[in-house]
Amino acid sequence: IYYMIETEPNINLSDLVRTIKSYTTYNIWKLHKKLFIKSFLEGTHILDDGFFICSIGNVSDKQLRKYIENQG
């Protein structure tokens, strides 16, 4: 699964991902408290600690999808 997000050029991408993950974790907690607590108690994670992000410049959605699909 991949997501394409458009931002301003001066945005720190790592901070953006941390914000998105924090927001996602908060909403999982609100909507699925039992699942979240169970996962925490079992020592598993809802979201992985790490992430990969890169900037791509000015390419179309179609070009980006083709590139990702050809990554093996």
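The expected span of a helix is 1.5 Å times one less than its number of residues. Helices (H or I, at least four residues) are DSSP runs, numbered from the N terminus. The model is predicted, with local features requiring pLDDT of at least 70 and side-chain atom pairs counting only at pLDDT 80 or more, while totals for chains, interfaces and linings use all residues. Residues are numbered from 1 along each chain as its sequence is written, and side-chain values use heavy atoms, with hydrogens and water left out.

**View 1. Length and start of helix α1.** Helix α1 covers residues 13-31. Its 19 residues should span 27 Å at 1.5 Å a residue, which agrees with the 27 Å between its end C-alpha atoms. At the start of α1, N12 places a side-chain oxygen within 3.0 Å of the backbone nitrogen of S14.

View 2. V17, K21, N27 and I28 are the buried residues of α1 (buried: under 20% relative accessible area; exposed: over 50%; partly exposed: in between; 1.4 Å probe, protein chains only). They lie on the same side of α1 because they cover an arc of only 130 degrees around the axis, the arc being that of the directions from the helix axis to the C-beta atoms. T19 and Y23, on the other side of α1, are exposed.

**View 3. Packing of α1 against α2.** The buried residues of α1 pack against α2 (33-42). Contact means heavy atoms within 4.5 Å. T25, I28, W29, K30 and L31 of α1 meet K33, F36 and I37 of α2. The axes of α1 and α2 come within 5 Å and cross at roughly 115 degrees. The two helices α1 and α2 are therefore roughly perpendicular (65 to 115 degrees; under 35 is roughly parallel, over 145 roughly antiparallel and the rest oblique). Axes are lines fitted to C-alpha atoms, for helices over the stretch in contact, and angles run from 0 to 180 degrees between N-to-C directions.

**View 4. Surroundings of L13.** L13 lies in helix α1 and counts as partly exposed, at 26% relative accessibility. Not counting residues up to four places away in sequence, L13 touches T7, I53, C54 and S55. L13 and S39 are 26 residues apart in sequence, and their C-alpha atoms are 28 Å apart in space.

**View 5. R65 in helix α3.** R65 lies in helix α3, which covers residues 61-69. With 40% relative accessibility, R65 counts as partly exposed. R65 and M4 are 61 residues apart in sequence and 9.8 Å apart in space, C-alpha to C-alpha.

Conventions. Polar contact = N/O pair within 3.5 Å; in protein donor to acceptor, adjacent residues only side chain to side chain.
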